[in-house]
Amino acid sequence: NKYLVMALAVVLAWLLAGWKGAAITIGAIAVEQTFGEASKEIARRARPSRDLIAVVGNPSGYSFPSTFTTFIAVTFGTVTLLARRSSAKTAPLVMAVAGSMIVIGWGARVALGAHWPSDVVLTTVVCLVWVWAAIRAVRP
């Protein structure tokens, strides 16, 4: 359930960086939920073709940015970036687990044939750059 992941991300952000970390996470999730799907209209990149690879199901719409990846990057990515700046003893473990979730998410989308590898990697980079900028602005 995505709401459970959202709540977990906010709680972890709070534990790692206090109310500012939680606020950044809530803001990032709000932006992703509001504009993630609509942002596909900018690139209009076609999904992988059944003629080229095995595609599971019938994915529709455009492939970039991957809205699943925007969600994973914003939730787990924000926690990873906050943990990177945290002095908490558990920060390295949090970074490893959250970073692993991003990579597992990439694998799932590519293995299903719903996205090209470049879709998920570039989506993550774009999301992490703007989350990193928000963190730097709020927690210099």
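Trainee: Where is Leu15 found?
Mentor: Leu15 sits in helix H1. Helices here (H or I, at least four residues) and strands (E, at least two) are DSSP runs, numbered from the N terminus. One caution: this is a predicted model, where local features need pLDDT of at least 70 and side-chain atom pairs count only at pLDDT 80 or more, while totals for chains, interfaces and linings use all residues. Residues are numbered from 1 along each chain as its sequence is written, and side-chain values use heavy atoms, with hydrogens and water left out.

Trainee: Is Leu15 buried or exposed?
Mentor: Leu15 is exposed, because its relative accessible area is 63%. The cut-offs are under 20% for buried, over 50% for exposed, and partly exposed in between (1.4 Å probe, protein chains only).

Trainee: And how far is Leu15 from Ala83?
Mentor: Their C-alpha atoms are separated by 9.5 Å, although Leu15 and Ala83 are 68 residues apart along the chain.

Trainee: What about Leu12, where's that one?
Mentor: Helix H1 holds Leu12 too. Leu12 is partly exposed, since its relative accessible area is 24%. Between the C-alpha atoms of Leu12 and Ala108 there are 24 Å, and 96 residues along the chain.

Trainee: Zooming out, how many helices and strands does the chain have?
Mentor: Five helices and zero strands. Along the sequence that reads α-α-α-α-α.

Trainee: What does the chain span along its principal axes?
Mentor: The C-alpha trace spans about 50 × 25 × 25 Å. The radius of gyration is 15 Å, which agrees with the value near 14 Å for a compact globule, so the 140 residues fit that rule. The radius is taken over C-alpha atoms, and the rule is 2.2 Å times the number of residues to the power 0.38.

Trainee: How much of the chain is buried?
Mentor: Buried residues make up 38% of the 140.

Trainee: Which residues have the most contacts inside the largest nonpolar core?
Mentor: Leu16, Val79, Leu82 and Ile135, in a core of 24 residues. Helices H1 (2–35), H3 (67–84), H4 (91–111) and H5 (117–138) each give two or more residues to this core. H3 provides the largest share, nine residues. A nonpolar core here is a set of buried Ala, Val, Leu, Ile, Met, Phe, Trp, Tyr and Cys residues joined through side-chain atoms within 4.5 Å.

Trainee: Why would they group like that?
Mentor: In soluble globular proteins, nonpolar side chains tend to be buried together.

Trainee: Okay, new topic. Is Thr124 buried or exposed?
Mentor: Thr124 is buried, because its relative accessible area is 4%. Thr124 lies in helix H5. Leaving aside neighbours within four places in sequence, Thr124 is in contact with Thr69, Ala73, Ile102 and Trp106. Contact means heavy atoms within 4.5 Å.

Trainee: And where is Trp116?
Mentor: Trp116 is in the loop between H4 and H5. Trp116 is partly exposed, as its relative accessible area is 24%.

Trainee: Which residues does Trp116 touch?
Mentor: Not counting residues up to four places away in sequence, Trp116 touches Arg45, Ala46, Arg47, Pro48, Ser49, Leu52, Ser63 and Val110. For Trp116 and Thr75, 41 residues apart along the chain, the C-alpha separation is 21 Å.
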